[in-house]
Amino acid sequence: MERNAKYFLVDSQILPEVYLKVITAKKLLAQGKAKSASEAAKSAGISRSAFYKYKDFIHEYHTSLNGCIMTLSASLADEAGVLSALMAQISESGGNILTIHQNIPVDSVAPVLISLRTDQLNCSQEDLLEKAKQLPGVLDIQFVSGH
């Protein structure tokens, strides 16, 4: 039996309460606050069968992330603590690092791609980039996307 999925964006205010409780149960499991589906369902106030019936079909949509992710490309000196200092600067600026991809250094230079959430930045994206450029061992850094 072939299934042709259709998707809709629906305001949660009009959904039956069971759907919202399924989302709650899924979060409890993902965050390790519940050790099993049974425990998560019970904590969320739904039956285990309701959880299993809907868990693969309902997902939370985060509109707050729309336009709030940027990717930086950096060339870092192959020295201890350089990447750590860059991550600390991003964190101090309110950025939430989502992914880091670092390649093996060539000629003592390590290329790094960092994707981060910018919705909680306490400075402009340009200021973050300027602060990062001033860090020892950051040879080059620039926006790839999200700017």
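Biologist: How many helices and strands are there in the protein?

Modeller: Five helices and four strands, counted as DSSP runs numbered from the N terminus (helices H or I, at least four residues; strands E, at least two). Bear in mind this is a predicted model, where local features need pLDDT of at least 70, side-chain atom pairs count only at pLDDT 80 or more, and totals for chains, interfaces and linings use all residues. Residues are numbered from 1 along each chain as its sequence is written, and side-chain values use heavy atoms, with hydrogens and water left out.

Biologist: What pattern does the protein follow along the sequence?

Modeller: The order is α-α-α-β-α-β-β-α-β. The protein is more spread out than a compact globule, because its radius of gyration is 21 Å, well over the 15 Å from the globule rule for 147 residues. That radius is over C-alpha atoms, and the rule is 2.2 Å times the number of residues to the power 0.38.

Biologist: And what box do the C-alpha atoms fill?

Modeller: Roughly 55 × 35 × 30 Å along the principal axes.

Biologist: Is C68 buried or exposed?

Modeller: Buried, at 15% relative accessible area. C123 is buried as well, at 16%. Buried means under 20%, exposed over 50%, partly exposed in between (1.4 Å probe, protein chains only).
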